[in-house]
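Subject: Structure for your review

Dear colleague,

Please read the notes with the coordinates open.

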Amino acid sequence: MLEKKNVLVLNCGSSSVKYKLYEMPSKTLIAHDYLEQIQRDQYEDTIRGVFESLKQYSIDIVSHRVVHGGEAFKQSVIVNDQVKDEIRNLSRFAPLHNPINLTGIEVAQSLFPDLIHVAVFDTAFHQTMPPSSYLYALPYEYYEQYGIRKYGFHGTSHRYVMGRAAEMMGRPKEQLRLISCHIGSGVSITAIRNGESFDTSMGMTPLAGLSMGTRSGNIDPGIIPYIEEIEKTDTAGAIKILNNNSGLMGVSGVSNDLRDVMKKAEEGHHRSKLALELFTTILHKHVGLYLARLNGVDGIIFTAGVGENSSAVRELVCSGLEYAGVNLDREVNRTSKGEAFISTKYSPVKVMVIPTNEELVMAMDAFELGHK
């Protein structure tokens, strides 16, 4: 029997701190909270407040989310000075997130220097991709010398739902071909082959891939200098527009929240209809792309806020894929809540809704490392 330990999962975002305290190995959630609208100079006080609020509990291990692990980290690791230096160096790829993630680690270490601190990377799950999936068709020395390649994100989420899908289907993950659709404010799709990430939609940064709440996703790169010209801005200004003023927000002119866009579309608002159609069409195309990459698929997973809660989006994404064995049960899709199969009983491809739980994966990784 493994000794019980309390694992604090700490997720420091660009303007928020989310935490969950688990008793392991029972996976019992003891406490949790989500703190929003945090300014850059408030993180230290916020994290101290988190620990203060949990002072009635013993904490044995702290698990930290880190957005970008580059090629340096293929799995979760115990934090030491070398790990922190590497996280700092990788901030060039995730300037809004890695520095904040590192702040969380350093503050927590200063408060509890004798505890084990573990870093869990969003990019780690995708380090199994082959070069044909992660290389860009650029001069090869850009990859060799500067690390310019696809890294992918939401890896912890895709990893969790992969495991649950295998359990629901009653088959080992090593025997499955899955397409995991993480659809929230950020959106990514991952092709999973034999329990490993084979391809994914996000790129060197989370801006690439599909249309999202405020992000454009993939565009013709020649658009960027044109935006600079018409907006009288520089490259940083153009990228800010692609990150913050595009996607559902940019096309609809209404909101970056899909629920608001869908409501306006139902009322006949033209641009909201366009935004919804574009959003779901790009999702549909990427599912088709990964059907080809995987030579067919055993299961399709919908997860994250939109994926878990919008039956309309799920139906639009799956509609037209019947030729590939994807047969959605439209009634079950509309009425099911939580974890469920939403394909017909005899559908060759199983379609599932699986609420994600990245924090549980982080707690499990930290607990495992804490016992090595």
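The side chains of Asp298 and Arg177 form a salt bridge with an N to O distance of 3.4 Å, the term being used for a side-chain nitrogen of Lys or Arg within 4 Å of a carboxyl oxygen of Asp or Glu. This pair joins distant parts of the chain, since Asp298 sits in the loop between α11 and β10 while Arg177 belongs to strand β7, 121 residues apart; helices (H or I, at least four residues) and strands (E, at least two) are DSSP runs, numbered from the N terminus.

This is a predicted model, in which local features need pLDDT of at least 70 and side-chain atom pairs count only at pLDDT 80 or more, whereas totals for chains, interfaces and linings use all residues. Residues are numbered from 1 along each chain as its sequence is written, and side-chain values use heavy atoms, with hydrogens and water left out.

Asp298 is buried, at a relative accessible area of 13%, whereas Arg177 is partly exposed at 25% (buried means under 20% relative accessible area, exposed over 50%, and partly exposed in between, with a 1.4 Å probe and protein chains only). Asp298 also meets the side chain of Arg171 in a salt bridge of 3.8 Å, N to O, and here the two residues are 127 apart, with Arg171 in the loop between α6 and β7 (177-183).

The structure holds 24 salt bridges, and Lys18, Lys20 and Glu359 are linked in a network of them.

Best regards
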